Amino acid sequence: MSLLADLINLNLSDFTEKIIAEYIWIGGTGMDLRSKAKTLPGPVTDPSQLPKWNYDGSSTDQAIGEDSEVILCPQAIYKDPFRKGQNILVMCDCYTPTGEPIPSNKRYNAAKIFSHPDVVAEEPWYGIEQEYTLLQNDIRWPLGWPVGGFPGPQGPYYCSVGADKSFGRDIVDSHYKACLYAGINISGINGEVMPGQWEFQVGPAVGITVADQLWIARYILERITEIAGVVLSLDPKPIQGDWNGAGAHTNYSTKSMRGNGGYEIIKRAIEKLSLRHKEHISCYGEGNESRLSGRHETADINNFSWGVADRGVSIRVGRETKKDGKGYFEDRRPASNMDPYIVTSMIAETTLLWKPS
């Protein structure tokens, strides 16, 4: 095994100029990450320098067997924390051979929204709080929970320390450092309310960048849990009953919101969001109805609400934002399994482009 470790940790730059690029894309379910590696002749600093590639879409539920070729278009690159050196991770989106985005390519429409002049002018900033649950591999039960049983009730686990309260910290810290190495703007981590559940935050980042970074952060976490023999779950309600669900709270601001008089801009944006509540909920993640119950720090899925410093509402405004008269707000509705391309672009489209009739 020591020889295997030596080979995995080989520094290729000592022997060749060639690098390895791991092309990453989203599969047919809209949540399953796929990847494969390609050797390149030398280091790459921009996705435009990378060649397009292809894969068998019939094996990912994205094409039929008689016409299975799907084209990978590189969109963003990050340093590879697993292979290190000059090797890279490449976030791609997917197209037909004729250049049309395939149905599961949600990045394409998001890019159109974020490139709209009215959106560009407002420099939308995002920070996404990704909650997730670590499961024991063989029994699909949260890490640290007794087999076939339950731990003590919630209370001592949030931001906790100790072997009887905190489960999976080695995985979480490994992910934290790997994301920083990769160039992801991960801004923090914490243990969550339900034991075996954690959170990391990506951002602040502008526009579509935050969605690219969140998908790569999810990929890195999947790879680390694979190594650890633990299963990553983004289920918004992994355990039914009196246990917190898992969300992806999305913090948002624009240049106008961050400037003087921004609080009034924030209130107008929230009013727009209230008018499209059902439309947003329908795109905010599968199974979200089991999480948005009105309990466990959530608002009821059927009713839009907002408030200052209130974690039981749809949209939370921070006390500092109200005090300063400018800042940001938090959309607490997105589920942990939401697609950040959809959620971030939808918030921008509703608040900046949509004109209520």
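1. In this predicted model, α5 and helix α11 (residues 340-353) pack at an angle of about 160°, and their axes are 9 Å apart. Angles over 145 degrees count as roughly antiparallel, and α5 and α11 are therefore roughly antiparallel to each other. The crossing in which α5 passes α11 is right-handed.

2. Which residues of α5 meet α11? On the α5 side they are Ile208, Val210, Ala211, Asp212, Leu214, Trp215 and Arg218, and they meet Pro340, Tyr341 and Thr344 in α11. Sorted by class, this contact of α5 with α11 holds seven nonpolar residues, one polar residue and two charged residues.

3. Helix α5 (residues 208-228) also packs with helix α4 (residues 169-182), at an angle of about 140° and with the axes 10 Å apart. That angle makes α4 oblique to α5. Here too the crossing is described as right-handed, with α4 passing α5.

4. The contact between α4 and α5 is formed on the α4 side by Ile171, Ser174, His175, Ala178, Cys179 and Ala182. Their counterparts in α5 are Ala217, Ile220, Leu221, Ile224, Thr225 and Ala228. By class, the contact of α4 with α5 has nine nonpolar and three polar residues, and no charged residues.

5. Attention may now turn to the sheet. Five strands make up an open sheet in the order β2-β1-β5-β4-β3, and the pairing is mixed. Strands β2 (33-40) and β3 (53-56) are the edge strands, each pairing on one side only. From one strand to the next, the twist averages 40°.

6. In what sense do β4 and β5 pair, parallel or antiparallel? Strand β4 (residues 69-79) and strand β5 (residues 88-95) are antiparallel, and eight bridges join them. A point of reference for inspecting this pairing is Ala76, which stands opposite Met91 in β5.

7. Finally, the aromatic contacts. The count comes to 12 aromatic pairs, one of which is formed by Trp25 and Tyr55. The rings of Trp25 and Tyr55 are 4.3 Å apart centre to centre, with 25° between the planes, and the pair is stacked. Trp25 lies in strand β1 (residues 19-26) and Tyr55 in strand β3. The two residues are 30 residues apart, and the pair thus links distant parts of the chain.

Definitions and conventions. Residues are numbered from 1 along each chain as its sequence is written. This is a predicted model: local features need pLDDT of at least 70, side-chain atom pairs count only at pLDDT 80 or more; totals for chains, interfaces and linings use all residues. Side-chain values use heavy atoms; hydrogens and water are left out. Two strands pair if DSSP finds at least two bridges between them. Helices (H or I, at least four residues) and strands (E, at least two) are DSSP runs, numbered from the N terminus. Axes are lines fitted to C-alpha atoms, for helices over the stretch in contact, and angles run from 0 to 180 degrees between N-to-C directions. Angles under 35 degrees count as roughly parallel, over 145 as roughly antiparallel, 65 to 115 as roughly perpendicular and the rest as oblique. A crossing is left-handed if the near helix is turned anticlockwise from the far one by less than a right angle, and right-handed if clockwise. Contact means heavy atoms within 4.5 Å. Ala, Val, Leu, Ile, Met, Phe, Trp, Tyr, Cys and Pro count as nonpolar, Asp, Glu, Lys and Arg as charged, and the others, Gly among them, as polar. Rings of Phe, Tyr and Trp (its six-membered ring) pair if their centres lie within 6.5 Å; planes under 30 degrees apart count as stacked, over 60 as edge-to-face and the rest as tilted.
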